[in-house]
Amino acid sequence: MLTLIVVSCGVPSGRFRLEGRFRHLNQGEFYVYAPYAINSKLDTIKVADGRFAYECDMVVPTTLVMLFPNFSEQPVFAAPGTKVTISGDASHLREMEIKGGNDNKLMSEFRQATASMSHQQIVGQIEQFVANNPKSPVSAYLIRRYLIEHPEADYAKAASLLKRMAPADNDNQWSPADVKTMAQLAKSVVGATIPDIVKSPYAKVTVVYTWATWSNESLDMQRALGKLYRNNPNNVTLVGICLDGDKKVYKRRVDADSIKWRTICDGMMWRSPELQRTGLMSVSQAIVADSKGKIVLRSSDASEIEKRVSSLLK
């Protein structure tokens, strides 16, 4: 019976297929990756005549993320031997329709219900969602997206919600080790000492930030920080963590931009141990520390970061 179902859907048991159509987009491209999988890589999906298709090997249920040119993202909950279809208007990506599996239905319903809510209101909805769906990978994604990777991260609440889930299933793609990680990240909030990715004695200002070759916003922030560094080489310490999955692409960008300060790229993207030590879970984001190594700012706003660094240099 299972074999007949898989064959009728046209997707082999060890494969996953994503396909769809966007109105008002004749040609273009976007990216897809599995942010919580070890050795995940960034794949490019081409759109031609408004249509696209993507297929990959898959042996266990996986949360994929579609990353669009405007840096908005859309999760897709995938499983071996299944197909997910997407349709929507390219000018209204938030309203796209995703069909295939109960988890994608749950995510679509949650997105629609919270579309006009504030961050804090969404967090309240997440607590209720986790209580109602403790085994769903959607719960794990929402916790990561809004409580771990968000600029207003709340690691203590993330750990509390993760404990309510059912890790024995493995389908929700988190482990008890994530709770321990949350406790570690909670030490990287404003007022804490900067993680030991930077050693004392500290410079007058220390900035640890994330960037990626595919994020123009992060590259702009990196250039602004680089200018401050070059004007104050003895008073500024920069550490950049690149979230590219391809280290060769990363190296070409470092050489092209003549980056002389310390940068890190292990190709593990969001699974990078160096990244997890800092609590910087999105692109682009930074923590700024003073001469005592005390974190004084955690932000994704490039102008706010630049302003704080400049004030600390006075």
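View 1. Glu152 counts as partly exposed because its relative accessibility is 45%, where partly exposed lies between buried (under 20% relative accessible area) and exposed (over 50%), with a 1.4 Å probe and protein chains only. The model is predicted, so local features need pLDDT of at least 70 and side-chain atom pairs count only at pLDDT 80 or more, whereas totals for chains, interfaces and linings use all residues. Residues are numbered from 1 along each chain as its sequence is written, and side-chain values use heavy atoms, without hydrogens and water. Glu152 belongs to the loop joining helix 4 (137-148) and helix 5 (155-164); helices are DSSP runs of H or I with at least four residues, strands runs of E with at least two, numbered from the N terminus. Beyond neighbours within four places in sequence, Glu152 is in contact (heavy atoms within 4.5 Å) with His119 and Gln120.

**View 2. The largest nonpolar core.** This core has 43 residues, and Ile126, Leu142, Ile143 and Val208 have the most contacts inside it. A nonpolar core is a set of buried Ala, Val, Leu, Ile, Met, Phe, Trp, Tyr and Cys residues joined through side-chain atoms within 4.5 Å. Helix 4 supplies its largest share, eight residues.

**View 3. Cys242 and Cys265.** The sulfur of Cys242 is 4.2 Å from that of Cys265, its closest cysteine sulfur, and is therefore too far for a bond; a disulfide requires cysteine sulfur atoms within 2.5 Å. Cys242 is buried, with a relative accessible area of 3%, and Cys265 is buried at 13% relative accessibility. The structure holds zero disulfides.
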